[in-house]
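Trainee: Could we walk through this model together, from the fold of one chain to the way the two chains meet?

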There are 2 protein chains.
Amino acid sequence: MNCKMAFSEQLTDLAKRTLDAAKANNRSIVTAESCTAGKLSGLLSEAPGASAFLHGGFVTYTKENKSKALGVSAELLKNKTAVCVDVAVEMAQGALKRSPANVAVAITGVAGPEPDEDGNPVGLVCIAVARNDVPPVRIEKRYGEIGREAIQEHAMADALTELIDAISEQ
Amino acid sequence: MNCKMAFSEQLTDLAKRTLDAAKANNRSIVTAESCTAGKLSGLLSEAPGASAFLHGGFVTYTKENKSKALGVSAELLKNKTAVCVDVAVEMAQGALKRSPANVAVAITGVAGPEPDEDGNPVGLVCIAVARNDVPPVRIEKRYGEIGREAIQEHAMADALTELIDAISEQ
């Protein structure tokens, strides 16, 4: 079988730095993903130390599953769509509550090629990082129509950069 | 950025057939992954129709998270380790219960390069498929030490083959 599941060198390096930071600060990680659909947890699982500092993640591709698996407010999803920073924050906080981890990172966005059912544009991505002891990090990015994989890669790189900062902060 | 997250043609084809079967039989899918760590949901999300028939998944990398996020019995994990068909079945059933999906596929195994903490050998993988209306499918595979990525690819291919059968069965 032809194996092609490797990630770019930049992402592999960011994943390694994330796990190094988790180990140094005794933080354990959980992910909550929509438009990256499990690729971020897959990337993190390849880094050294993952078995000790990565608990896993939640992939919530549909709105219905964002509510059922992560407890995101159905009213929020209806009023503000699935791609907004408030949903990203609720995804991260829901993952934190439903796993043994003490830091969570969430990504929700439109990887394309089409805008989502609510008309959110391709390339719009919201990221949140949550810990129990500090207010959540809230980020909105507009990458534009640069292609599905490039949007996913940029979203993962930005999410890990924020996650490393949050893990390293005392 | 260099994009390398493509999957092999065989896996891409299996994912497409899985979503086609889900659409034809009105089944919606959830995954529960340990040693593939989100790669199966990532693969499925690339197939046409994913946004309508894939709800998402759970990545439970640690034993602790298998219990907390999916409700796998801590006693079972202690007595029979994380890599056995009974754990795969509880992961699939837990995912079914905690998502809006009506069919679930679970993978737990040792991708390597080292045996797991309980001495389970590299290449041992257990797969389960659960629906609410029929007994679960239970599979044990021993791929041997063929390399981490090859083990993950074989596990995903076998899991999707079982999932397609379970979806297509009336």
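**Fold and shared sheet**

Mentor: Read along the sequence, chain A runs α-β-α-α-β-α-α-α-β-β-β-α, where helices (H or I, at least four residues) and strands (E, at least two) are DSSP runs numbered from the N terminus. This is a predicted model, in which local features need pLDDT of at least 70 and side-chain atom pairs count only at pLDDT 80 or more, while totals for chains, interfaces and linings use all residues. Residues are numbered from 1 along each chain as its sequence is written, and chains are lettered from A and ligands numbered from 1 in the order in which they are written.

Trainee: What radius of gyration does chain A have?

Mentor: The radius is taken over C-alpha atoms, and the globule rule is 2.2 Å times the number of residues to the power 0.38. For 170 residues a compact globule would come near 15 Å, and chain A agrees with that, at 15 Å.

Trainee: What percentage of the residues in chain A are buried?

Mentor: A residue is buried if 20 or more other C-beta atoms, placed from the backbone, lie within 10 Å of its own. Of the 170 residues in chain A, the buried ones make up 56%.

Trainee: Which element gives the most to the side of chain B that touches chain A?

Mentor: Residues are in contact if their C-beta atoms, placed from the backbone, lie within 7 Å. The contact takes 36 residues from chain A and 37 residues from chain B. On the chain B side, α2, α3, β2, α4 and α7 each supply at least two residues. The one that gives the most, with seven residues, is β2(B).

Trainee: Which residue of β2(B) is the bridge partner of A:F58?

Mentor: Strands pair if DSSP finds at least two bridges between them. Strand β2 of chain A is joined to β2(B) by five bridges, and the two run antiparallel. Within β2(B), the partner of A:F58 is B:F58.

Trainee: Which strands stand at the edges of the sheet?

Mentor: The open sheet has ten strands with mixed pairing, in the order β5(A)-β4(A)-β3(A)-β1(A)-β2(A)-β2(B)-β1(B)-β3(B)-β4(B)-β5(B). Each edge strand has a single partner strand, so one side of each is left without a neighbour in the sheet; these are β5 of chain A and β5 of chain B.

Trainee: What angle does α7(B) make with β4(B)?

Mentor: Axes are lines fitted to C-alpha atoms, for helices over the stretch in contact, and angles run from 0 to 180 degrees between N-to-C directions. Helix α7(B) packs on the sheet, touching β3, β4 and β5 of chain B, and its direction makes with that of β4(B) an angle of about 25°.

Technical notes:
Buried ≥ 20, exposed ≤ 12 C-beta atoms within 10 Å, placed from the backbone. Contact = placed C-beta atoms within 7 Å.
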